[in-house]
Amino acid sequence: MSDVMDNVTGSNVNGNANNRVVLSCRDLVKSYEEGPEKLVVLSGVNVEIRKGERVAIVGSSGSGKTTLLNMLAGLDTVTSGVVSICGTDMATLSDSQRGELRNQSLGFVYQFHHLLSEFTALENTAMPLLLRKRCSIAEARQRAEELLTLVGLEHRLKHKPGELSGGERQRVAIARALVARPSLVLMDEPTGNLDNQTAERIHQLMLELAEKVDTAFVVVTHDSELAGRMNRILHLTDGQLLER
Ligand SMILES: Nc1ncnc2c1ncn2[C@@H]1O[C@H](COP(=O)(O)OP(=O)(O)OP(=O)(O)O)[C@@H](O)[C@H]1O
Ligand SMILES: [Mg+2]
């Protein structure tokens, strides 16, 4: 495991630190078997994301954006190809090592938030820190409260997901993805169901984090204004990811 953590801290990664590749995938293929038919969703995706870089992924509904994000986060198995996070090939890790690497380096915002229903907003947000052995409960709660305040939910700390609006749940999911200051955040339509003002607040927060703590963001979005603020816009079409 120490090798994995060396990679996470960047000591094993090629090139100079400012140019560090936090995520790469090579020849990524994902297909689903449907009886005798094979549905090829990704047919050879190549991409590299560097420290602090902000990248938008756009594409029509059903083009494979969520599938791609799940592969990049190691949440689903690839049919073929290699996904590396901070220099570590995900396929070389055991399930628990993959979980640890994700906890150390990755934040993920699902298209449909995936909060734990029996826990409060504060507990959901603090969860990635609570899973880290070296973080105290008091510290995790304080940091979670800070993040929930940044997304405008300081008055909803004790609410459970069932007691929150859709947009509020989405903001809790965003706070949870950022709470452990990961080097890479993958977001699937993070601000799709938020009003303009709240979405703007979240966009600003993302931009600040990218600048100040070199967090890289890969954001699936239909919002052309948000896509326009990213360093690059990648289009997913016919199973391929293209920069235009
Ligand atoms: N587990 C699965 N088994 C079979 N087909 C699947 C599976 N998951 C996704 N698909 C198919 O793969 C294609 C890509 O799905 P995906 O969810 O990645 O699209 P998307 O680009 O995120 O779309 P949207 O913008 O609507 O969220 C779709 O046609 C979908 O039906
Ligand atoms: Mg999707």
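Modeller: A cavity is a set of points where a 1.4 Å probe fits but cannot get out, and its lining residues have an atom within 4 Å of a point. Keep in mind that this is a predicted model.

Biologist: How many cavities of 30 Å³ or more does the structure hold, and which residues line the largest cavity?

Modeller: There is 1 cavity of that size, with a volume of about 30 Å³. Its lining consists of Arg143, Leu178, Arg181, Pro182, Leu209, Val213 and Thr215. By class, that lining has 4 nonpolar, 1 polar and 2 charged residues.

Biologist: Arg181 is in that list. What is its phi, and where does it lie?

Modeller: Start with the general rule: most residues other than glycine have a negative phi. Arginine 181 has a positive phi of about 45° although it is not a glycine. The residue belongs to the loop between α6 and β7. Arginine 181 counts as exposed because its relative accessibility is 52%, and exposed means over 50%.

Biologist: Which other residue has a positive phi of about 50°, and is that residue buried or exposed?

Modeller: Glutamate 189, again not a glycine, has that phi. Glutamate 189 sits in the loop between β7 and α7. With a relative accessibility of 14%, glutamate 189 counts as buried.

Biologist: Now the open spaces. What is the volume of the largest pocket, and which residues lie nearest its centre?

Modeller: A pocket, unlike a cavity, is an open set of points. Here the largest pocket has a volume of about 750 Å³. Its lining has 25 residues, and Gly99, Arg102, Asn103, Pro128 and Leu131 are nearest the centre. Two or more lining residues come from each of α3 (95-105), β6 (106-109), α4 (121-130) and α6 (166-178). The largest share, 6 residues, is from α3. Sorted by class, the lining holds 13 nonpolar, 6 polar and 6 charged residues.

Biologist: How many residues does the largest nonpolar core have, and which element gives the most to it?

Modeller: The general idea is that in soluble globular proteins, nonpolar side chains tend to be buried together. In this model the largest nonpolar core has 38 residues, and Leu148, Val151, Met187, Met206 and Phe217 have the most contacts inside it. Elements that give two or more residues to this core include β3 (54-58), α5 (137-150), β7 (184-188) and α7 (196-212). The element that gives the most to the core is α6, with 6 residues.

Biologist: How many aromatic pairs does a search of the whole structure find?

Modeller: The search finds 1. The ring centres of phenylalanine 108 and tyrosine 110 are 4.7 Å apart and the planes are at 55°, so the pair is tilted. For reference, planes under 30 degrees apart would count as stacked and over 60 as edge-to-face. Phenylalanine 108 is buried, at 12% relative accessible area, whereas tyrosine 110 is partly exposed, at 23%.

Notes:
Residues numbered from 1 in each chain as written. Chains lettered and ligands numbered in written order. Predicted model: local features only at pLDDT ≥ 70, side-chain atom pairs only at ≥ 80, totals over all residues. Heavy atoms only, no water. 1 Å grid on protein atoms, 1.4 Å probe; cavity = no way out; pocket = protein on both sides within 12 Å on 5 of 7 lines; lining within 4 Å. Points joined across faces, edges and corners; volume = space filled by probe spheres on them. Nonpolar A, V, L, I, M, F, W, Y, C, P; charged D, E, K, R; others polar. Helix = DSSP H or I, 4+ residues; strand = E, 2+ residues; numbered from the N terminus. Phe/Tyr/Trp six-rings, centres within 6.5 Å; stacked < 30°, edge-to-face > 60°. Buried < 20%, exposed > 50% of the residue type's maximum accessible area, 1.4 Å probe, protein only. Core = buried A, V, L, I, M, F, W, Y, C linked by side-chain atoms within 4.5 Å.
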